[in-house]
Amino acid sequence: MRGSVLLRAASAVATFTGAVSATGGFCVRKKVIIDTDFYNFSDDPNAIGIANAFMSWGEIEVLGVISDIRSRYAPPAIDAINTFYGHPDIPLAISKPVDNSVYTPRNSFSAYTPLTFQKTQDPLYTEYPAYVDQLSQRFPEDTNDGENTTDPVTLYRTLLSKAPDNSVTIAAIGFFDALYLLVDSKPDAISPLTGLELIKRKVTELVVQAAGTGTSFNIVRHNPLYPTHVLNQWPTKLTFVPGFIGSSVRWGSRLTTEVDLQKNPVAWAFNTTIGYNKTHQSWDPTAIYYAIRGLDDVYVYNKTGGSVFFMPNGTAIWRDNVPPTAPQNWVNLKISNVTFAGRLEGILLWQPGSAISPAQSSCTGDNSTKPGSGGSGYGGNATVTGGGRPTPTGAISSGSERSISIGGLTVAVIAGIVGMYLYT
Ligand SMILES: [Ca+2]
Ligand SMILES: [Ca+2]
């Protein structure tokens with residue numbers, strides 16, 4: 001009885017929402033642009049690896065990756081991860097001129113200088129050895145040099161102008177150099193719209209790995225002028241995934257001990273920067289998870305109203321009595337940090353070409369994956385044949401029910417069953 005209701009409702013709703021995954025995500029290939037400070041810490045490789053896995057499962061489409069650290073080695077390293085997962089052609093961009101930096105030497109950190117790009121990321125991170133150059137030397141990719149990528153504003157404007165209205169999510173897991181330039185960009189041959197107009201028309205949500213109150217690394221460590229300029233006028237939904245979440249979500253020992261470090265670039269980067277059988281906090285992965293799946297069964301929104309304001313020094317103030325032009329909020333964990341850590345690490349334990357576990361996603365795979373590239377990525381050469389897109393296998397099982405909200409309707413998601421029914 002419940003089953004027939006479920007199937008009828010699923011059939012009706014699926015016509016406009018697509019299938020529902022076991023864990024609450026939709027198999028509608030949500031369009032995501034990643035803006036990263038991919039450089040000398042494994043947080044960004046982990047997040048980009050997670051996004052690639054979700055793309056392989058068919059839950060999202062990564063439209064492009066913007067690198068806001070000017071190391072010439074960053075885009076090839078990102079390409080190496082994308083290629084491993086069978087997505088060698090995801091467009092990449094980095095601001096020019098690029099430099100030869102590979103990591104942050106100890107004692108090189110100098111005081112923040114407004115409007116001057118600072119290579120140094122953070123003195124707290126100087127214990128992590130260089131990996132960004134080695135990643136592209138050890139794993140297949142064909143970008144070779146950041147010089148060979150496009151300009152970030154050009155890529156942003158191109159991707160947004162091509163996308164359907166209200167279809168793009170931007171995951172800001174780094175600094176705001178490119179978004180700063182995008183916001184102020186003028187009409188050009190790509191689009192008759194200004195940057196802000198393009199954002200308003202195309203971007204449904206900006207997800208920021210930072211807090212909606214106080215100070216955060218991504219806001220204050222580089223140049224606060226950029227994020228304050230962007231975030232104080234952001235015209236669409238704006239959601240923060242605060243650092244205290246990532247600080248409590250530690251994992252990594254399974255990634256380095258259970259995965260072949262010579263074949264998997266994400267595991268290799270974690271092992272190189274954090275170490276074998278070690279765990280570490282995970283800020284960017286917690287943010288990219290929200291960017292991909294929304295609240296899912298993981299998060300709740302903290303605020304019932306108000307808006308954020310960033311001071312010139314980058315300090316965020318939440319103004320409860322000032323309504324935003326579009327919804328603004330920050331999230332908190334609804335499930336235990338240990339459970340969430342296991343889920344995030346589990347996503348990276350999945351290897352391209354292997355079956356999609358129904359416990360992780362009941363989407364049916366990435367149709368855009370180049371023939372042969374999905375499985376061969378794990379083999380260390382994404383250009384050879386073999387593999388193909390992953391095929392979901394395993395028995396369908398019923399499980400816990402979770403609720404999500406679609407257009408004001410409350411929908412229950414039965415883990416393991418692609419379907420839904422409506423609560424009254
Ligand atoms: Ca490539
Ligand atoms: Ca980052």
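Helices (H or I, at least four residues) and strands (E, at least two) are DSSP runs here, numbered from the N terminus. This is a predicted model, where local features need pLDDT of at least 70, side-chain atom pairs count only at pLDDT 80 or more, and totals for chains, interfaces and linings use all residues. Residues are numbered from 1 along each chain as its sequence is written, while chains are lettered from A and ligands numbered from 1 in the order in which they are written.

Start with the open sheet: eight strands in the order 3-2-1-4-5-6-12-9, with mixed pairing (two strands pair if DSSP finds at least two bridges between them). Strand 3 (92-94) and strand 9 (299-301) sit at the edges, each pairing on one side only. Strand 1 (residues 30-36) and strand 4 (residues 168-173) run parallel, joined by six bridges; Ile-34, for instance, has Ala-171 in strand 4 as its bridge partner.

Two asparagines have positive phi. Asn-144, in the loop between helix 4 and helix 5 (152-162), has phi near 70°. Asn-166, in the loop between helix 5 and strand 4, comes in at about 50°.

Are they buried or exposed? Counting other C-beta atoms within 10 Å, placed from the backbone (20 or more is buried, 12 or fewer exposed, in between partly exposed), Asn-144 is partly exposed because it has 14, and Asn-166 is exposed because it has 12.
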